[in-house]
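Try each task before reading its solution.

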Amino acid sequence: MNFKIATLPGDGIGPEIVDQAIKVMKAVGEKYGHSFDFEFAPTGASAIDLVGEPYPDSTHEICMNADAVLFGAIGDPKYDNDPKAKVRPEQGLLKMRKKLGLYANIRPVATFPSLIDKSPLKNDRVEGADFVVVRELTGGIYFGDKGRSEDLTSAFDNCVYTTEEIERILKLAYEYAGKRNKRLTVVDKANVLCTSRLWREIAQKMEKDYPDIETDYMFVDNAAMQLIQWPKKFDVMVTENMFGDILSDEASVITGSLGLLPSASVGLHTSVFEPIHGSYPQAAGKNIANPVATILSAAMLLDALNLLEEGQAVRDAVNASLEANFVTEDISKEAAKSTSEVGDWIAAQVKK
Ligand code: IPM
Ligand code: MN
């Protein structure tokens with residue numbers, strides 16, 4: 001089959017790691033008889049430099065017309081300490097989420113047996129941890145009215161959720177839990193927030209439609225603690241945009257390998273697949289960054305195209321590289337292979 005892949009490398013290490021995912025997808029294409037057309041489009045700081053806009057309309061068109069989007073990373077330190085910057089790379093990401101209707105961000109977190117010692121937590125706490133964070137991505141405080149008072153002495157960010165937004169993300173989370181271990185934890189702050197009370201009310205109604213799934217409810221502060229203390233007890237966690245932002249970063253530390261974790265953002269139009277880490281500007285152009293999170297994001301992309309055997313082949317090849325200790329410096333200082341060497345190794349393994 002032939003697939004169109006919108007390819008948005010973005011900033012920092014984005015281009016280098018996306019190159020490795022492309023290599024691996026081409027290997028999949030050769031082995032399984034598919035062809036992938038990678039259509040490149042600018043985003044983030046590099047798009048601002050090029051056209052003054054972090055998610056240009058031309059990039060959006062390419063995404064809308066593709067079967068899937070492969071995304072690298074965005075962000076450039078030159079914007080971080082400039083509170084007055086009129087356009088920022090991150091706005092591109094938010095605009096893309098909104099315009100593509102990417103209402104769900106899915107972040108699987110699973111420990112890799114060969115890397116168990118990388119976790120900052122004790123082995124027995126993390127061995128076998130395997131859960132998914134489902135984060136609502138186009139609502140809440142990120143997208144509510146925001147601003148400053150006229151005299152600039154106060155500021156506000158509104159948090160708004162509609163029933164429709166809550167229902168669709170819960171439905172997706174329930175379906176995910178149904179395909180996994182049939183447990184769903186709804187994370188909120190219903191003891192304080194009105195939006196959270198609406199989430200809980202709706203979840204309690206929907207619970208009845210999914211009798212084979214065990215639903216539980218947790219306040220976000222407690223969830224932040226439980227996640228680190230007992231990561232194994234979670235299967236699928238679902239939560240609103242900002243809680244999900246914070247919890248999914250926290251969750252990524254459990255495996256001790258930020259450079260290995262993929263994500264998918266799905267919704268109304270084309271889905272986007274990207275590593276959870278950022279643009280790591282200090283490493284840009286040095287050929288040292290870990291490409292595995294992006295390669296595993298490509299595996300999620302293949303799954304979404306219903307190329308399940310192909311997605312699994314990529315995951316198997318990644319596992320083989322970890323077991324062979326053919327890894328970048330973040331995993332092993334002594335072994336320290338380059339970004340492109342790791343990409344080559346995994347692509348060759350896929351073709352075997
Ligand atoms: C993420 C990032 C973004 C977010 C930033 C870059 C706007 O932290 O994808 O989690 O907060 O959603
Ligand atoms: Mn984040």
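Before starting, note that this is a predicted model, in which local features need pLDDT of at least 70 and side-chain atom pairs count only at pLDDT 80 or more, while totals for chains, interfaces and linings use all residues. Residues are numbered from 1 along each chain as its sequence is written, and chains are lettered from A and ligands numbered from 1 in the order in which they are written.

**Exercise 1. Follow the strand pairing through Val133.**

Step 1. Begin with Arg107, whose bridge partner in β5 is Val133. Helices (H or I, at least four residues) and strands (E, at least two) are DSSP runs, numbered from the N terminus.

Step 2. Look at the strands around that bridge: β4 (residues 104–110) and β5 run antiparallel and are joined by seven bridges. Two strands pair if DSSP finds at least two bridges between them.

Step 3. Now go from Val133 to β10, where its bridge partner is Met237. Here β5 and β10 (residues 236–239) pair in the parallel sense, over four bridges.

Step 4. Finish with burial. A residue is buried if 20 or more other C-beta atoms lie within 10 Å of its own, exposed if 12 or fewer, and partly exposed in between, with C-beta atoms placed from the backbone. Six of the seven residues of β5 (residues 130–136) are buried, so this strand is largely enclosed by the rest of the structure.

**Exercise 2. Describe helix α11 and what surrounds it.**

Step 1. Check the geometry: α11 (residues 292–304) has 13 residues and reaches 18 Å from its first C-alpha to its last, close to the 18 Å expected at 1.5 Å a residue. The expected span is 1.5 Å times one less than the number of residues.

Step 2. Count burial: 11 of the 13 residues are buried, so α11 is largely enclosed by the rest of the structure. Among them are Val292, Ile295 and Leu302.

Step 3. Find the cover, using contacts (C-beta atoms, placed from the backbone, within 7 Å). The elements over the buried residues of α11 include α1 (14–32), β3 (68–73) and α13 (339–351).

**Exercise 3. Characterise the contact between the two domains.**

Step 1. Take the bounds, which come from an automatic or database domain assignment: domain 1 covers 1–100 + 270–352, and domain 2 covers 103–261.

Step 2. The contact takes 14 residues from domain 1 and 14 residues from domain 2.

Step 3. On the side of domain 1 that touches domain 2, α5 (89–99), α11 and α12 each give two or more residues.

**Exercise 4. Locate the annotated binding site.**

Step 1. An unreviewed UniProt entry lists Asp221, Asp245 and Asp249 for "binding site". Positions follow the numbering used here, feature names are shortened, and annotations may be inferred rather than shown by experiment.

Step 2. These residues are spread over 29 residues of sequence, yet they cluster in space, with a largest C-alpha distance of 14.3 Å.

Step 3. Asp221 lies in helix α9 (residues 220–229) and counts as partly exposed, with 13 C-beta neighbours inside 10 Å. Asp245 is found in helix α10 (residues 241–254) and is partly exposed too, with 18 other C-beta atoms within 10 Å.

Note on methods
Contact = placed C-beta atoms within 7 Å.
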